[in-house]
Amino acid sequence: MLKIAYHHIYCHPLPEKHRFPMIKYQLLPEQLLHEGTCIEANFFEPNRMIDEAPILAVHDPEYFYDLLNITLDQRAARKIGFPLSEVLIEREITIADGTIKASQFALQHGIAMNIAGGTHHAYSNRGEAFCMLNDQAIGARHLQNKGLANRILIVDLDVHQGNGTAEIFKNDPSVFTFSMHGKHNYPFKKEQSDLDIALENDVEDTEYLLILQKTLPKLITDFKPDFIYYLSGVDVIKTDKLGKLGLTLVGCKARDQFVLNTCRTHNIPVMCSMGGGYSPDIKTIVDAHANTYRLAQDIYF
């Protein structure tokens, strides 16, 4: 069965007219249930108070405890982009626990998902751009420390470079970071992933898919991962307010289909976090994310 991490805390109240579409975390599971893609048994609830050890295996203690105690300096807090509160930090911890548990389910069933996550702008010692704790980095290190995986490939197809993930694993040959993103998108000062593919503005479906199809199978052959994290951001769509690429909904779905089929063909467990999506119409965001779950059901179950 497809297992999906979800907790009501994911949908956190924000100030009116905030540009982050937090409501998608409520609407996405509702849509999956409504259309019959999922049933209640597909969803599991992560813990709101995670053991600190998996977080401290990735993040600096001083930074983590400043988050936990809401004692970050104002400049560092502003870079995160959310008003800091105890409940917001609890939300971030819950998302990280969802990714850890989904990773364990992926080992059992081949794939598992987190309704939220993809917090790839969180560095070891700071947060930015709506990201505070790097959920996939935490999940990857947890699997390694528990002896559940050795060589991990992170496939980050969000429109924004996974700068925090690149920094966390920059000197770690056991985790390969692959980011394919908009060249002229945030972050404007990029880190160096193990492989970065920076795309020009308005790249459309055919070109995007050709690049991905040439790249991902070769990475798997060369690196030989035994676990894959997939960050399936839907901000690659042409209508996205914070993206500069030109994919259609159909192209975005074809991207997900190729990644999941490739993982399935190579028999490598994959854990998916949703990442970004900022199209003006919330229905577009939810439909694009829902496609990832529809494909997971079709391909694996």
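The buried residues of H1 are Lys-24, Tyr-25, Leu-28, Pro-29 and Leu-32, where buried denotes under 20% relative accessible area, exposed over 50% and partly exposed the range in between, computed with a 1.4 Å probe on protein chains only. Because these residues cover an arc of only 130° around the axis, they are placed on the same side of H1, the arc being that of the directions from the helix axis to the C-beta atoms. The structure is a predicted model, in which local features need pLDDT of at least 70 and side-chain atom pairs count only at pLDDT 80 or more, whereas totals for chains, interfaces and linings use all residues. Residues are numbered from 1 along each chain as its sequence is written, and side-chain values use heavy atoms, with hydrogens and water left out.

Helices (H or I, at least four residues) and strands (E, at least two) are DSSP runs numbered from the N terminus. The buried residues of H1 pack against strand E2 (43-44), H5 and helix H10 (282-300), with contact meaning heavy atoms within 4.5 Å. After H1 comes Gly-36, with a positive phi near 85°.

Glu-92 belongs to helix H5 (residues 86-109) and, at 2% relative accessibility, counts as buried. Not counting residues up to four places away in sequence, Glu-92 touches Thr-119, Cys-131, Met-132 and Leu-133. A polar atom of the Glu-92 side chain lies 3.0 Å from the backbone nitrogen of Met-132.

A search of the whole structure finds 13 aromatic pairs, for which rings of Phe, Tyr and Trp (its six-membered ring) must have centres within 6.5 Å, with planes under 30 degrees apart counted as stacked, over 60 as edge-to-face and the rest as tilted. One of these, between Phe-82 and Phe-130, is stacked, at 5.0 Å centre to centre and with 25° between the planes. This pair links distant parts of the chain, 48 residues apart, since Phe-82 is in the loop between helix H4 (74-80) and H5, and Phe-130 is in the loop between strand E3 (111-114) and helix H6 (135-145). Phe-82 is buried, with a relative accessible area of 4%, and Phe-130 also counts as buried, at 11%. The pair formed by Phe-227 and Tyr-229 is tilted, because the ring centres are 5.0 Å apart and the planes lie at 50°. Phe-227 counts as buried at 0% relative accessibility, and Tyr-229 is buried with a relative accessible area of 0%. Ring pairs also join Phe-20, Tyr-25, Phe-82, Phe-130 and Tyr-278 into a cluster.

Charged groups are also placed over rings, a condition that requires NZ of Lys or CZ of Arg to be within 6 Å of the ring centre and within 35 degrees of the ring normal. The charged end of Lys-3 sits over the ring of Phe-105, 5.6 Å from its centre, and Arg-151 lies over the face of Phe-223, at 4.1 Å from the ring centre.

Helix H9 (residues 249-265) contains Thr-262, which is buried, with a relative accessible area of 6%, and which touches Leu-216 and Ile-220, not counting residues up to four places away in sequence. The 17 residues of H9 should span 24 Å at 1.5 Å a residue, and the end C-alpha atoms are 24 Å apart, which agrees. Among the buried residues of H9 are Arg-255, Asp-256, Phe-258 and Cys-263, and what covers the buried residues includes E3, helix H8 (205-223), strand E7 (227-231), strand E8 (270-273) and H10. Asn-267, which follows H9, has a positive phi near 55°.

Most residues other than glycine have a negative phi, and most peptide bonds are trans. Lys-17, although not a glycine, has a positive phi of about 70°; Lys-17 lies in the loop between strand E1 (3-5) and H1 and is exposed, with a relative accessible area of 80%. Ala-129 likewise is not a glycine and has a positive phi of about 50°, its position being in the loop between E3 and H6. A cis peptide bond, with omega about -5°, joins Tyr-186 and Pro-187, and Pro-187 is found in the loop between strand E5 (175-182) and strand E6 (195-199).

Note on methods. A polar contact is a pair of N or O atoms within 3.5 Å; within protein, one must be able to donate a hydrogen and the other to accept it, and residues adjacent in sequence count only if both atoms are side-chain atoms. The expected span of a helix is 1.5 Å times one less than its number of residues.
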